[in-house]
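Here are my notes for your first reading of this model. Please keep the sequence and the 3D view open side by side while you go through the numbered points.

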Amino acid sequence: MSEPRVRRAEIAVEQAHVDRVYTRLAELRTQAEAMRTKGYELGQGAQREAIFEQASMLFERDMMVYHANQTLQTLDAEYEGLVFGRLDHLDREHIYVGRLGIRDTEFDNLVTDWRAPAAAAFYQATAEEPMDVVRRRVIRCSGQTVLDVDDDVLIADAVPEDMQIVGEGALMAALGRSRGEKMRDIVATIQKEQDEVIRAPWRGVTEITGGPGTGKTAVALHRAAYLLYRHRRQLGGAGVLVVGPSGVFTTYISRVLPSMGETNVELRALGEVLDGLEATRQDTAALAAIKGSLRMRKVLLRALRDTPPEAPTELKIVYRGEVLKLAARELEKVRRKAHTQGAPPNRSRVRVAELLLAALADKAEEYAKADGKEIDRAELITDLGERIDFHRFLVVWWPVLYPAQVLKWLGNEKRMAAASKGILNRNEISLLSADFADRSRGWSVADVALLDELRVLVGPEPKRRRRQTVVEAAPERGGSGGAPHRPEHYDEYSHVVVDESQDLSPMQWRMIGRRGKYASWTVVGDPVQSSWPDPDEAAQARDQAFGVKTTRRRFTLRTNYRNSAEIFDLAAKVVAGHAQADELPKAVRTTGIEPEVRPVDQAALATATQSAAKELLGAVEGTVGVITAMDRVEEVEGWLAGQTDERLKVVGSLDSKGLEYDAVVLVEPMDLVTESSTGRRVLYVALTRATQQLIVLASNPDWLPHA
């Protein structure tokens with residue numbers, strides 16, 4: 001039989017099984033809907049029963065409806081190829097591998113969940129260690145239709161005569177597919193080195209390093225799904241937090257975990273970690289470096305201990321005809337004493353009242369002694385402590401502090417200088433105060449970590465006054481894909497995933513560490529791509545965030561599946577002086593299409609960008625990214641406003657991290673080099689976003705090292 005006929009016959013065999021799976025899926029969905037309906041009917045019946053029976057019936061209803069909804073949520077997830085693999089073993093038994101475990105009416109497996117131990121051989125078996133697998137088959141589907149199959153033979157001398165072998169290169173075929181706007185899961189193409197990371201033990205800290213295109217992000221997300229499947233009792237209730245570098249990135253990965261049936265996961269960009277706040281901009285590299293440094297914690301602590309701008313400078317109160325007065329210096333002495341007690345200011349008002357009353361009593365005793373009299377100190381403190389004029393003074397002299405308010409105070413350069421004395425230099429003080437004074441542009445990503453630090457330093461608001469978060473009223477908190485609502489500033493996650501960790505500032509590590517103080521961790525990064533200028537300080541803060549962990553394991557992924565070798569060779573040249581050869585991954589695909597470097601006059605840059613974008617949209621089926629410096633995004637978007645193709649996306653250099661496109665137009669690479677203190681590393685990232693084609697538009701050739 002010819003190869004095409006064999007392929008068609010094998011596709012038909014797998015189509016029959018896939019049809020059976022989807023028929024069973026429909027039956028399970030119908031059963032779950034019937035269970036939910038019955039639960040609602042049970043609840044209506046409870047209203048007619050005696051009171052003592054109602055509680056039991058309502059509990060039974062709630063459990064029935066809950067389990068039915070959970071089942072429906074799993075069954076209704078959008079699966080791109082529910083069945084994607086088959087394993088044929090030496091004993092002639094076979095199992096199908098897919099995104100969801102499904103049994104037939106006799107409780108026999110129709111599909112084995114990819115995370116189950118029985119499916120591990122699909123990823124781990126090799127010709128050297130076949131794990132009793134004769135044939136491994138990749139099944140490629142679109143919806144419910146089988147499009148193709150590809151086989152790997154792992155034990156050649158054990159292939160039965162009646163076993164048909166079809167095709168080769170399933171991985172490369174999958175990698176060559178066009179990219180959409182959302183990241184795809186890789187459950188059908190996980191490689192052995194990736195699978196070892198995914199299935200590593202959950203406790204402690206698991207670090208994943210590797211260059212562009214090695215699948216670090218996908219592996220981390222699949223690891224989260226695997227851990228929730230294997231350790232749901234330990235991890236499921238408290239939930240999993242995934243932190244990414246930007247909102248663009250979290251949107252890009254938002255479909256991966258729901259597509260594998262996991263919804264108890266919360267996705268947050270660094271600018272969204274703090275409840276009630278969403279950062280709207282990035283700072284310049286110089287400003288972000290100051291805000292991210294651990295020095296800022298000392299500055300913030302001094303700032304909140306300073307006298308509030310509107311606080312009165314003296315306290316006058318009448319007691320038995322005598323005017324008791326505390327001058328500014330005496331009030332400051334009380335303030336310093338209150339702050340040295342160690343409690344957060346918002347938790348200290350009672351203690352502050354006691355210190356003020358004690359100071360007033362001292363003043364009264366001083367006056368009485370001068371007149372040869374005595375006073376009852378306890379009586380004075382009780383009397384003044386009940387006076388409305390004393391409490392009015394206390395409220396304005398020691399107000400409830402809000403993080404955003406304290407940060408805005410630092411927009412005054414004199415206050416900033418006082419808080420930063422001996423910590424920041426004059427130029428840093430001017431940069432920060434000017435930025436904090438201008439709130440018209442909203443908060444930056446780096447500001448979020450400062451606000452979170454202040455949230456802890458000032459302490460919670462008194463309960464009777466709790467009506468807002470650090471900036472304004474927070475929306476109800478929920479995770480992506482239907483994760484349960486959690487309390488504000490939730491810090492009991494069971495597992496935390498941090499992507500692009502090499503870019504986190506020390507202050508950002510402190511912010512995330514608060515959310516993960518009870519958690520195990522998966523940390524993803526690549527030092528070669530780092531845009532943070534002081535890696536040692538960041539490493540110190542990172543280790544403090546992890547806390548005392550019994551285990552730390554590190555995995556390095558070395559194969560670049562994303563970029564063609566032609567594209568990656570150019571990127572490697574750009575970063576060669578900033579990385580060792582063994583720090584760069586190996587690109588395994590070739591397309592025969594070299595990246596194009598086009599010299600362009602600055603005056604013609606807009607026209608050249610339009611032309612290149614149009615050219616690439618016609619050349620590839622998937623997405624085209626136009627990458628530019630962060631401060632030119634709006635300008636470049638304006639150039640391309642006439643392009644209506646939804647596949648075209650304009651993104652800034654920092655926001656491009658973790659993303660990938662079929663083709664990329666990189667605009668003015670020297671802008672990327674100069675906008676960051678680690679510019680060539682940022683340029684390296686931008687050059688490695690394309691899977692198929694790359695066009696670089698440059699008016700200045702200095703970005704490209706000369707041979």
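1. A residue is called exposed when its relative accessible area is over 50%, and buried when that area is under 20%. Please bear in mind throughout that this is a predicted model. With the cut-off in hand, R320 can be classed as exposed, because its relative accessible area is 65%. R320 sits in the loop that joins β10 (315-319) to β11 (322-326), and its phi is positive, at about 50°, although R320 is not a glycine.

2. Most residues other than glycine have a negative phi. With a relative accessibility of 51%, R92 counts as exposed.

3. Of the 707 residues in the protein chain, 53% are buried. If we consider the contacts between residues at least 6 apart in sequence, 75% of them join residues at least 24 apart.

4. Which residues does the UniProt annotation "binding site" cover? According to that record, which is an unreviewed entry, they are G210, G211, P212, G213, T214, G215, K216 and T217. I looked at two of these positions in more detail, and they are described in the next two points.

5. P212 belongs to the loop between β7 (205-210) and α6 (216-230), and P212 is buried, because its relative accessible area is 1%, which falls under the 20% limit. When residues up to four places away in sequence are not counted, P212 touches D526, Q529, N560, R562, N563, F568, P585, Y684, T688 and R689.

6. K216, in turn, is placed in helix α6, and at 10% relative accessibility K216 also counts as buried. Once its neighbours within four places in sequence are left aside, K216 is in contact with I208, T209, G210, G211, V524, G525, D526, Q529 and L557.

7. The buried residues in question are G679, R680, R681, V682, L683, Y684, V685, A686 and L687. They pack against the helices α22 (565-575) and α25 (669-674), and also against the strands β18 (624-628), β20 (661-667) and β21 (690-698).

8. How do α19 and α20 lie relative to each other? The axes of helix α19 (residues 445-458) and helix α20 (residues 506-515) come within 9 Å and cross at roughly 55°, so the two helices are oblique to each other. Their crossing is left-handed. On the side of α19 the contact is made by V445, V448, A449, L450, D452, E453, R455 and V456, while α20 contributes M507, Q508, R510, M511, R514 and R515. Sorted by class, this contact has 7 nonpolar, 1 polar and 6 charged residues.

Key
Residues are numbered from 1 along each chain as its sequence is written. This is a predicted model: local features need pLDDT of at least 70, side-chain atom pairs count only at pLDDT 80 or more; totals for chains, interfaces and linings use all residues. Side-chain values use heavy atoms; hydrogens and water are left out. Axes are lines fitted to C-alpha atoms, for helices over the stretch in contact, and angles run from 0 to 180 degrees between N-to-C directions. Helices (H or I, at least four residues) and strands (E, at least two) are DSSP runs, numbered from the N terminus. Angles under 35 degrees count as roughly parallel, over 145 as roughly antiparallel, 65 to 115 as roughly perpendicular and the rest as oblique. A crossing is left-handed if the near helix is turned anticlockwise from the far one by less than a right angle, and right-handed if clockwise. Contact means heavy atoms within 4.5 Å. Ala, Val, Leu, Ile, Met, Phe, Trp, Tyr, Cys and Pro count as nonpolar, Asp, Glu, Lys and Arg as charged, and the others, Gly among them, as polar. UniProt positions are given in the numbering used here, feature names are shortened, and annotations may be inferred rather than shown by experiment. Buried means under 20% relative accessible area, exposed over 50%, partly exposed in between (1.4 Å probe, protein chains only).
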